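Hi everyone, thanks for coming.

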Amino acid sequence: LIYSVVIHRKMLSFLLPFASKIVSDAVSKIPEDAELGEKLIDLCLVILKKAVKLTKTDMDDKLLEQVEKSIQSR
């Protein structure tokens, strides 16, 4: 079990920079467009909601609520 954790940690530390580079390159190639911007905000909110569900803390729920309110009021 410990060996498995070490292997996964090494794989993650090796692959994470590649994944980060791929995401950065993809984001830089997205054209700047108001409608696209709205879709990206919606996507970010979906991702944040899923992340908050995984943490199961009240503080994260409150923070997400404030982010949603801020986006709606703009």
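Which backbone nitrogen does a side-chain oxygen of Asp33 reach at the start of helix 2? The backbone nitrogen of Glu35, to within 2.8 Å. Before going on: this is a predicted model, where local features need pLDDT of at least 70, side-chain atom pairs count only at pLDDT 80 or more, and totals for chains, interfaces and linings use all residues. Residues are numbered from 1 along each chain as its sequence is written, and side-chain values use heavy atoms, leaving out hydrogens and water.

Helix 2 covers residues 34-55; helices here are DSSP runs of H or I, at least four residues, numbered from the N terminus. Just after helix 2, Lys56 has a positive phi of about 55°.

Next comes helix 3, residues 58-73, which packs against helix 2 at about 165°, with the axes 9 Å apart. The axes are lines fitted to C-alpha atoms over the stretch in contact, and angles run from 0 to 180 degrees between N-to-C directions. That makes the two helices roughly antiparallel, the word for angles over 145 degrees.

Methods:
The expected span of a helix is 1.5 Å times one less than its number of residues. A polar contact is a pair of N or O atoms within 3.5 Å; within protein, one must be able to donate a hydrogen and the other to accept it, and residues adjacent in sequence count only if both atoms are side-chain atoms. Angles under 35 degrees count as roughly parallel, over 145 as roughly antiparallel, 65 to 115 as roughly perpendicular and the rest as oblique.
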